[in-house]
Amino acid sequence: MQNSSTLFTGIFGAFALSCGVMVLIPHSQLASLQPQVQWDEGQNSPADVYPQKRHMAGREVFLSEGCIYCHSQQVRDPQYGPDMERGWGPRRTVARDYIHDDVPLLGSARLGPDLSNFGWTAKVAQKDGTEKSVGMWRNEHEDDTKKPAARNEQWIYQHLYSPRTLFSDSKCPPYRFLFERKEIGEKLSPNAVAHDEKFQYVPTLEAEHLAQYLLSLDRSHEVKEAPTVIKPKEAAKK
Amino acid sequence: MNATPETTSAKQGGVTRRDIENVERALIDQSARGPVLTFFTMAVFWLLVSAVLGYIASKKLHSPDFVLGPEWLYKLLHLQRITTGIFEHLTYGRVWPAYTTAMIYGWCSLAGMGVATWLIGRLTRVSIKLPVVLQFGAWFWNAGVAVAVITILCGYNSGLEFFEMHRVARMLMFLGYLCIGIWGLILFRYRRQSAPYISVWYLAAAFFLFPWFFGTTDALSSMALPGVMKNVVNAWYQNGLFNLWLGCIGIAAAYYLIPKIINRPIYSYNLASIGFWSWIFLGGLTAMTRLSGGPVPAYLVTISIAASILMIIPIATLTINFVRTMKGHTKLMASSPTLRFTFVGTIFFSIAAGLGVLAALRSVDSYTHFTAWTAGQLHLVTMGFFSMVMFGAIYYITPRLVGCEWLSRTFIKLHFFGTAYGAGTIIGMFLFGGLATGFVLNEPTADKMGFYNVSGIANAYMPVKTYIGYVLFGVAQIIFAFHFLLMRLRIGQPAGEPTLLQTPGEGH
């Protein structure tokens, strides 16, 4: 290399290429992404908007505790891995799913299961003709004896307080500081994770927000750009 | 700087060109002393911090209930409140980002900037002017890293990997960087060496590009971008951080130190040129493989896979250059600490970059994605390659700044073995543990869909990483820090004869 101007021009050119290809071009594609809106005839407001913007305080707790270092929130197409077979979602997640997220918490490691659709529910017909909303997010075979009965708020609190009472090999840290000790009043709180004669350990507001955030995670809504691979009716049978 | 020995003029009372060059070098070294020692001291501090945080993070991964000590000890010291108050909050999710921040921005970057400062002085053959600007830069950067690590441990997280720190920390670091970067460009402008040496190309790339992608990522991260664009920008930033910042500084140091110690020129300047240009053009395009399968435009991932495969070109040229330059001189590694650390560092580089090419392929990626393998790749780059080269450089540069040689060859030997075997263990356990997990993560059988079948797979690997890898590494760094402290206090061997690992002529 003979002189410095060649050097700096070349370096700048390399950077411009990298920035252009990796940042500017994708931005021009993604910037125009809008929520998927469905209008019914003659209506003044849309019948369905997906995704809806919601501010969940629990997302801050999720981020602050560094849950993203073990839990991802992206479902991949079957060609990349058995994400959907594990029951993590009925379809792959697309860019549209995250347009309202300030920083999508996609995650880059799975030391724990993917949580994209933790709150995924479906209406399942019961024998008596009524419909029940059941949690669809599951990754255990129906005959698996370790399969939890339900992944509801109480289960989440138990998992946060003491993960290894639920799964002995879990590497999830115990978040004891998200719980506080209170006197048992008239009766034990349904959310109490532990108790002795006088005191019970109940979730703090942060833990409640976190649980609500996790139960709100649902990216199962049908979108044009990704076909639904697992239909809810099919999944309900499993 | 001339690698080939000069035939000198008359020795009786005449001043040879060699003498003038030596005096010039000594003057440059003296002018660089203040700032470079500041950089090194701060870097060594963060090295110790990151060794401790690394141990804690690693232990929390297989023993999440570990709270820094047995319960009875806290009861004895009446410190129960501290266990519940502070240590319980130090979960893996907080300690890991603090660890990577301290390691990359604290130890690696500060050591890199110190080595680069000295290298630029030597390579431009200009005494360092206005060293106080550099000192300010170092302090600002240091303050930024401190704010970053503390706020992350307290729960702040921006959500962007390897960029978790608070904006205030980023501003401080950027301000510190401006002092250093502008200073570097001015020195380059007034250089006395017209045709820049290879190391200068790489340093120019590192110092010119770092503020661009650091600043751009910071600016974009605070704007309202559509969802996954922030993840795309984050991946692009990681490209810049590892390939163009750490990678370039490490390669620059290796290109200077290896020929210097063995007193031979680099094997091929043509190869070096090809290696440089292909590195910086391809190096900025490879990172999207981290998002493969994710909710981003597919062409981004495909471009990155293609660029990663093409990276074979710069990796091959760099490997050939380093190995062929060293050919016939490898026995010098038995005595020279700098050569040993630096060359082993370049071997780690080849392994790191080579595995990066492999892991980009879809077939391999399906087993390594989302596992501890990527942490292994991270440590290959930062601990294996970059840290080893930095240690080699620090062992070379420090005696020239403090006026005495390293006190104890035993300390250096212990440091080398602890670092090499410790880092090797850590890296190996991450890679193999990750791969073992990846096989089950990727191909579960119908009755083993539950994630709890995956959690325990790396149980055999992770404790080895903690109790052998991080302990060896940590103890080695404590020895090194102590040794460095002695140097700063001018407690060492008299100047003149470098402290070698074995006396030449000793047959081991």
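T93(A) counts as buried, at 1% relative accessibility (buried means under 20% relative accessible area, exposed over 50% and partly exposed in between, with a 1.4 Å probe and protein chains only). This is a predicted model, where local features need pLDDT of at least 70, side-chain atom pairs count only at pLDDT 80 or more, and totals for chains, interfaces and linings use all residues. Residues are numbered from 1 along each chain as its sequence is written, chains are lettered from A and ligands numbered from 1 in the order in which they are written, and side-chain values use heavy atoms, with hydrogens and water left out.

**Around T93(A)**

- T93(A) sits in the loop between α2 and β3 (121-125) of chain A; helices (H or I, at least four residues) and strands (E, at least two) are DSSP runs, numbered from the N terminus.
- Its side chain has a polar atom 3.0 Å from the backbone nitrogen of V75(A).
- The side chains of T93(A) and Y98(A) are joined by a polar contact of 3.3 Å. That term covers a pair of N or O atoms within 3.5 Å; within protein, one must be able to donate a hydrogen and the other to accept it, and residues adjacent in sequence count only if both atoms are side-chain atoms.
- Setting aside neighbours within four places in sequence, T93(A) is in contact with Q74(A), V75(A), Y98(A), S116(A), R219(A) and, over in the other chain, P295(B). Contact here means heavy atoms within 4.5 Å.

**Where chain A meets chain B**

- Chain A puts 74 residues into the contact, and chain B puts in 80 residues.
- About 6,900 Å² is buried between chain A and chain B, with carbon and sulfur atoms giving 67% of that area. Buried area is the accessible area (1.4 Å probe) that two parts lose on being put together, summed over both.
- On the chain A side, M22(A), Y69(A) and R86(A) lose the most area to chain B, together 11% of what that side buries.
- Polar contacts across this interface come to 16 residue pairs, both residues being at pLDDT 80 or more.
- The elements giving two or more residues to the chain A side are α1 (4-30) and α2 (57-64) of chain A.
- Of that side, the largest share comes from α1(A), with 21 residues.
- Between chain A and chain B there are 3 salt bridges, each being a side-chain nitrogen of Lys or Arg within 4 Å of a carboxyl oxygen of Asp or Glu.
- R164(A) and D65(B) form a salt bridge, with their closest N and O atoms 2.9 Å apart.

**Salt bridges**

- Over all chains, the count comes to 19 salt bridges.
- R76(A) and D83(A) pair up at 3.3 Å, N to O, and both of these residues are buried.
- That pair also belongs to a network of salt bridges linking R76(A), D83(A), R110(A) and D114(A).
- R59(A) bridges to E60(A), the closest N and O atoms being 3.7 Å apart. R59(A) counts as buried at 13% relative accessibility, while E60(A) is partly exposed at 42%.
- D169(A) bridges to K171(A), with 3.6 Å between the closest N and O atoms. Here D169(A) is partly exposed, with a relative accessible area of 30%, and K171(A) counts as buried at 17%.

**Two buried residues in chain B**

- R122(B) belongs to helix α4 (residues 92-124) of chain B and is buried, with a relative accessible area of 5%.
- The side chains of R122(B) and D29(B) make a polar contact of 2.9 Å.
- R122(B) and E24(B) are 98 residues apart along the chain, yet 9.2 Å separates their C-alpha atoms.
- S304(B) is in helix α10 (residues 298-310) of chain B, and at 0% relative accessibility it counts as buried.
- Leaving out neighbours within four places in sequence, S304(B) is in contact with M22(A) as well as L285(B), T286(B), A287(B), M288(B) and T289(B).

**A nonpolar patch on chain B**

- L175(B), L178(B), I182(B), I186(B) and Y190(B) make a nonpolar surface patch of about 480 Å².
- Patches are made of residues with over 30% relative accessible area and no salt bridge; like charges are joined within 9 Å, and nonpolar side chains (Val, Leu, Ile, Met, Phe, Trp, Tyr) within 5 Å.
- Accessible areas come from the Shrake-Rupley method with a 1.4 Å probe, and for residues only the protein chains shown count as cover.
- L175(B) lies in helix α6 (residues 167-189) of chain B and counts as partly exposed at 39% relative accessibility.
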